[in-house]
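Dear colleague,

I am handing over the structure that we talked about, and below it you will find a short account of what turned up. Please keep the view open while you read.

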Amino acid sequence: MPTAHLEDRAIVSVTGADAEHFLQNIVTADLDALAHGQAKPSALLTPQGKILFDFLISRTGDHQGFRLECRVDIADDFLRRLMLYRLRAKVEISKQEEPLVAVSWGSDSAASENDSSWLRDTRFPDSAPAWRSYAATAAGDGSAWHAFRVASGVAESGTDYALGDAFPHDVLLDQTGGVGFRKGCYVGQEVVSRMQHRGTARRRVLIVSGDPLPAPGTDVVANGRPIGTLGSTAAGRGLAILRIDRVKDALDAGHPIEAGGTPLAVAIPDWATFTFPESTPGEDA
């Protein structure tokens with residue numbers, strides 16, 4: 001029953017009578033589809049549609065509150081940004097001191113569907129489930145969790161991509177329920193909706209494998225041409241945000257895909273619904 005305690009995570013709380021309305025109008029996730037017992041991915045975007053902050057959002061037990069779990073090193077900036085949007089909304093925004101963030105994963109997970117202290121992390125498929133808890137204690141330093149996340153094709157800001165440099169489609173938020181395409185307007189919504197309806201997403205998180213994998217941040221190249229950047233690595237696998245049109249061209253032409261001189265095998269996460277393009281799509285917005 002693998003578990004881990006994540007020390008590099010923080011929790012920003014948003015509570016009050018207007019909490020749901022306030023968040024629904026600024027974040028990418030559709031809170032109407034957020035059930036109790038779930039932790040869903042979401043993001044706060046720039047007006048140009050780039051991810052400014054990424055986080056997992058879940059409901060608290062009082063039905064008027066939300067937990068926004070993010071990287072500990074961005075939590076203060078995230079809180080300040082939310083305060084800028086608060087205006088006259090009846091909400092309280094605060095950062096929890098010394099939060100407890102535990103994870104459990106796999107078919108033999110310590111989590112139970114009947115244990116309300118564990119929330120289903122909806123980024124992961126039923127075939128490789130994962131849970132989070134903000135109350136349970138857990139053993140483990142997170143290295144096994146990190147390897148599980150990489151093998152599952154789930155990207156997070158920091159090692160996998162820089163905030164302010166990626167669209168939600170780039171990091172598969174459109175695939176994991178992190179973007180509500182039927183909800184009303186939110187910051188950056190116009191750009192994200194245009195990419196969705198036009199099918200112009202060219203960069204995607206892919207799972208790569210090779211031995212040895214170089215350090216995160218290494219350019220991935222095909223036929224001498226950069227096609228993306230390597231992110232997190234663990235146990236011979238890695239995540240990379242790559243131009244899928246250029247990956248397809250390289251595969252069709254039989255050109256090797258490499259990072260730091262290491263040949264890479266490249267695969268779409270098996271739970272994702274997108275495919276390699278048949279022809280080069282148009283430019284992103």
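**What was found**

The model is a predicted one, and the protein in it holds five helices and 16 strands.

Taking the overall form to begin with, the C-alpha trace spans about 55 × 45 × 30 Å along its principal axes. For 285 residues, a compact globule would have a radius of gyration near 19 Å, and because the protein has 19 Å, the two agree. Of these 285 residues, 54% count as buried, where buried means under 20% relative accessible area. Among the contacts with a separation of 6 or more, 69% are made by residues 24 or more positions apart. The protein exposes about 12,900 Å², of which carbon and sulfur atoms supply 47%. As for charge, there are 28 positive and 37 negative charges, and their mean positions lie 6 Å apart.

Strand S7 (residues 102–105) pairs with S9 in the antiparallel sense over four bridges, and Trp 105 has Ala 130 of S9 as its bridge partner. Strand S8 (residues 118–121) likewise runs antiparallel to S9, joined to it by three bridges, and Arg 120 stands opposite Trp 131 in S9.

Notes. Residues are numbered from 1 along each chain as its sequence is written. This is a predicted model: local features need pLDDT of at least 70, side-chain atom pairs count only at pLDDT 80 or more; totals for chains, interfaces and linings use all residues. Side-chain values use heavy atoms; hydrogens and water are left out. Helices (H or I, at least four residues) and strands (E, at least two) are DSSP runs, numbered from the N terminus. The radius of gyration is taken over C-alpha atoms; the globule rule is 2.2 Å times the number of residues to the power 0.38. Buried means under 20% relative accessible area, exposed over 50%, partly exposed in between (1.4 Å probe, protein chains only). Contact means heavy atoms within 4.5 Å. Accessible areas come from the Shrake-Rupley method with a 1.4 Å probe; for residues, only the protein chains shown count as cover. Lys and Arg count as positive and Asp and Glu as negative; His and the chain ends are not counted. The place of a charge is taken as NZ of Lys, CZ of Arg, CG of Asp or CD of Glu. Two strands pair if DSSP finds at least two bridges between them.
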